Amino acid sequence: MPPELTLEQADLARQMHAAGYPAPSVATMLKVATTTVYRRVRRPPDVVEN
């Protein structure tokens, strides 16, 4: 199964969340579940999924 977000989208999600956007808003903009955003925000950017 492919990742829900590309590396670029995951980086954008981290940046937006760090800038103060709430995770549900980021999720809506990226068209993914809120839990997906939380997982990406908490995961270091250099971790790559298989």
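Modeller: Contact means heavy atoms within 4.5 Å. Keep in mind that this is a predicted model.

Colleague: Which residues does Thr36 touch, not counting residues up to four places away in sequence?

Modeller: Start with its place: Thr36 is found in helix α3, residues 34-42. Now set aside the residues up to four places away in sequence. The residues Thr36 then touches are Glu4 and Leu5.

Colleague: Is Thr36 buried or exposed?

Modeller: Buried means under 20% relative accessible area. Thr36 has 4% relative accessibility, so Thr36 counts as buried.

Colleague: How many helices are there in the protein?

Modeller: Read along the sequence, the pattern is α-α-α. There are 0 strands. The number of helices is 3.

Colleague: Which residues is Met16 in contact with, leaving aside neighbours within four places in sequence?

Modeller: Beyond its sequence neighbours, the contacts of Met16 are Tyr21, Val26 and Met29.

Colleague: What percentage of the accessible surface belongs to carbon and sulfur atoms?

Modeller: Take the whole protein, with its 50 residues. Its accessible surface comes to about 3600 Å². The share belonging to carbon and sulfur atoms is 58%.

Definitions and conventions. Residues are numbered from 1 along each chain as its sequence is written. This is a predicted model: local features need pLDDT of at least 70, side-chain atom pairs count only at pLDDT 80 or more; totals for chains, interfaces and linings use all residues. Side-chain values use heavy atoms; hydrogens and water are left out. Helices (H or I, at least four residues) and strands (E, at least two) are DSSP runs, numbered from the N terminus. Buried means under 20% relative accessible area, exposed over 50%, partly exposed in between (1.4 Å probe, protein chains only). Accessible areas come from the Shrake-Rupley method with a 1.4 Å probe; for residues, only the protein chains shown count as cover.
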